[in-house]
Amino acid sequence: MPTSTPHLRCLVVDDDPLSIQVVENCIASTPFLTSVGSCESAVAAAEVLRQQAIDLLFLDVEMPLMSGIDLLSTLQNSPLVVLITSSKQYAVEAFEYDVVDYLVKPVSYARFLKAAQRALELHQAHPGVESAIPAGADFTFMKVDTKLVKVLFDEVRYVEALGDYVHIVTGQSKLIVYSTMKAVEEKFPDSLFVRVHRSFIVNIKRVQAIEDNTIIIDNKHIPIGQTYMREVFQRLNKF
């Protein structure tokens, strides 16, 4: 579902929970950034990067077992990277990996924003490269509390906006995710999902019936908003 405003999906990697929270707060204050979660080790981050497309990585250098620099050396197709560390001694080595920026702790929001804007400029200069969804991907990861939970697209029935959260309803569960509908639209493939209301996105394959401008999925009656009506029926007829 294309949008006119770029939105960079971010992953935070740091073995210090307080440092993670600082960066997460900065991301939340930046309109063009969306956090998909955090990892407290480079090993965990490597697995997330293997399975999900990330646009921008906020990466701590000094971590046990595998450092941030070690992680960069293992990545064949690295996202944009901003390194964050308590020491300046790694700066020269870091820029050998073409990182976007190098932030020294404690990170101020002003300095963070400068790095984020630089990443956005690079992202816009190479549209579709860092943000492309891996070919054939049938899942994504969503942040639920402090965990990244794997969500299989085919299992999702619908997504409902509730205040600052969205509910992702599958056949087995309801995930409560701190996110916006816009962010969900960007993560979910438009070949399978359609926005039918300002508060609802549905899986087209799961639509059982339409009655009186209402979509029925698993006995849930979902309204079709007037402004979405034309696109919804065009999409359903083509599916």
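Is Asp55 buried or exposed? In this predicted model, Asp55 is buried, with a relative accessible area of 0%, and its salt-bridge partner is Arg9, the closest N and O atoms of the two residues being 3.8 Å apart. Because Arg9 belongs to strand S1 (residues 8–13) while Asp55 sits in the loop between helix H2 (42–51) and strand S3 (56–60), the pair ties together parts that are 46 residues apart in sequence. Arg9 is buried as well, its relative accessible area being 8%.

A further salt bridge joins the side chains of Asp14 and Lys105, with an N to O distance of 3.0 Å. Asp14 is found in the loop between S1 and helix H1 (17–28), and Lys105 in the loop between strand S5 (101–104) and helix H5 (109–125), so that this pair ties together parts 91 residues apart in sequence. Asp14 counts as buried at 4% relative accessibility, whereas Lys105, at 24%, counts as partly exposed.

Asp218 lies in the loop between strand S14 (214–217) and strand S15 (220–223), and Arg157 in strand S8 (residues 156–162), so the pair links parts that are 61 residues apart in sequence.

With side-chain nitrogens of Lys or Arg counted when within 4 Å of a carboxyl oxygen of Asp or Glu, the count comes to ten salt bridges.

Note on methods
Residues are numbered from 1 along each chain as its sequence is written. This is a predicted model: local features need pLDDT of at least 70, side-chain atom pairs count only at pLDDT 80 or more; totals for chains, interfaces and linings use all residues. Side-chain values use heavy atoms; hydrogens and water are left out. Helices (H or I, at least four residues) and strands (E, at least two) are DSSP runs, numbered from the N terminus. Buried means under 20% relative accessible area, exposed over 50%, partly exposed in between (1.4 Å probe, protein chains only).
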